[in-house]
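I opened this entry to look up how two chains meet. My notes follow in the order I took them.

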Protein chains: 2
Amino acid sequence: MSARDPHSDPAESSIARAVEVIGDRWTVLILRDAFRGVRRFDELATDLGIARNLLADRLRRLVDQGVLQKVPYQERPTRYEYRLTPMGIDLSPALVALMLWGDKHRGGAEGPPLSLVHSTCGHELDQVFLCRHCGEEVTALGIRGRPGPGARPA
Amino acid sequence: MSARDPHSDPAESSIARAVEVIGDRWTVLILRDAFRGVRRFDELATDLGIARNLLADRLRRLVDQGVLQKVPYQERPTRYEYRLTPMGIDLSPALVALMLWGDKHRGGAEGPPLSLVHSTCGHELDQVFLCRHCGEEVTALGIRGRPGPGARPA
DNA sequence: CCTATGAGTTGTGAATCGAAACCTTGCGCG
DNA sequence: CGCGCAAGGTTTCGATTCACAACTCATAGG
């Protein structure tokens with residue numbers, strides 16, 4: 001189930017490692033719901049329209065991977081809900097990036113269904129790349145990749 | 001092939017629409033390679049270790065969806081390579097977010113295999129949320145969602 | 001002619017998905 | 001007690017996809 005891919009030197013790409021976690025249509029949607037506050041099994045099942053066996057499987061994996069955790073929300077009978085761990089919350093930039101891309105390139109004419117605002121002032125937020133050295137924003141074309149400390153031996 | 005999901009009101013989520021494009025393990029890796037400059041069929045096939053029929057299928061979809069385009073790189077015989085369209089380039093924040101998450105939560109002790117730098121100054125870049133009104137950076141916990149113009153009728 | 005290269009297509013068994021039915025624990029109720 | 005219900009799964013099984021290998025096609029080079 002693991003160690004399936006001898007190609008595409010995994011050290012070369014943290015994206016490959018991230019994809020092992022969220023490289024699945026349902027997983028992304030489950031996480032989206034987790035951010036929206038949908039956390040219970042049945043809520044997720046009906047909201048997503050996912051088969052229950054798949055939902056169980058995906059939740060199990062996400063818990064195993066440390067992205068979600070089971071938290072009891074009642075006793076007798078004990079029932080759990082699935083909450084994002086800090087590691088899960090760290091996926092928010094990725095989810096947001098997908099949302100913004102969907103807004104821009106797959107959105108209707110009416111505008112985005114959801115907009116992200118600064119909780120303290122209520123104004124809209126942008127997701128940007130920042131060069132702290134220059135103190136400026138950088139667009140996609142101003143980005144360059146360079147080998148980091150954990151780069152390939154090849 | 002389309003219109004498969006009556007649940008999870010698609011208007012509620014551009015993430016769902018984005019996932020129809022990139023909600024697949026291979027698709028994400030193909031795009032990563034496209035950003036890295038790997039653009040030819042055989043290069044992709046051997047670099048990723050993907051089955052050739054799947055690669056052909058994924059490339060076809062990405063082209064149909066306008067994320068990649070076929071560009072001839074030689075004649076006689078005419079051969080094409082797959083390049084990112086502007087729409088495809090707009091996926092970079094999502095790919096970067098995944099990479100940074102992978103670096104942080106799935107990385108080895110040696111540090112990230114790839115680091116992103118500002119092409120003009122060579123210093124490292126951060127991906128952040130910015131409130132232009134307050135002029136400050138906002139963390140994940142300072143983000144709130146609110147219904148946008150295209151929100152659900154429910 | 002023979003071989004090689006690049007870009008796919010085809011065929012086939014194995015793995016995964018999806019829908020629906022079933023199971024379990026523990027109420028609340030008559 | 002016996003019944004029905006709710007939440008959270010598990011089981012079953014046919015339909016779909018995946019993965020791997022082999023094959024095709026066009027053209028170039030020796």
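This is a predicted model: local features need pLDDT of at least 70, side-chain atom pairs count only at pLDDT 80 or more; totals for chains, interfaces and linings use all residues.

**Entry: strands across the contact**

I looked up strand 3 of chain A, residues 114–118. It pairs with strand 6 of chain B in the antiparallel sense, over 5 bridges. I then picked one residue, Val117(A). Its bridge partner in strand 6 of chain B is Arg144(B).

**Entry: the contact as a whole**

I asked how many residues each chain puts into the contact. Chain A gives 78 residues, and chain B gives 78 residues. Next I went through the elements of chain B that each supply at least two residues to the side touching chain A. Among them are helix 1 (14–22), helix 2 (25–36), strand 3 (114–118) and strand 6 (143–147). Which element of chain B brings the largest share? Helix 6 of chain B does, with 13 residues. I sorted the side of chain B that touches chain A by class and got 37 nonpolar, 24 polar and 17 charged residues.

Helix 1 of chain A brings Ile15(A), Ala16(A) and Val19(A). Helix 2 of chain B brings Arg25(B), Val28(B), Leu29(B) and Arg32(B). By class, this helix contact holds 5 nonpolar, no polar and 2 charged residues.

**Entry: symmetry**

I checked how the copies relate. A rotation of 180 degrees, with 0.0 Å of shift along its axis, superposes chain B on chain A at an RMSD of 0.0 Å. That is the relation of a two-fold axis. Both copies use the same surface, as 100% of the contact residues of chain B recur in chain A.

Most residues other than glycine have a negative phi, and most peptide bonds are trans. Arg76(A) has a positive phi, near 50 degrees. Arg76(A) sits in the loop between strand 1 and strand 2 of chain A. The peptide bond from Arg76(A) to Pro77(A) is cis, with omega near -10 degrees. In chain B, the bond from Arg76(B) to Pro77(B) is cis, with omega near -10 degrees. I placed Pro77(B) in the loop between strand 1 (68–74) and strand 2 (79–84) of chain B.

Technical notes. Residues are numbered from 1 along each chain as its sequence is written. Chains are lettered from A and ligands numbered from 1 in the order in which they are written. Two residues are in contact if their C-beta atoms, placed from the backbone, lie within 7 Å. Helices (H or I, at least four residues) and strands (E, at least two) are DSSP runs, numbered from the N terminus. Ala, Val, Leu, Ile, Met, Phe, Trp, Tyr, Cys and Pro count as nonpolar, Asp, Glu, Lys and Arg as charged, and the others, Gly among them, as polar. Two strands pair if DSSP finds at least two bridges between them. Copies are superposed by least squares on the C-alpha atoms of residues with pLDDT of at least 70 in both.
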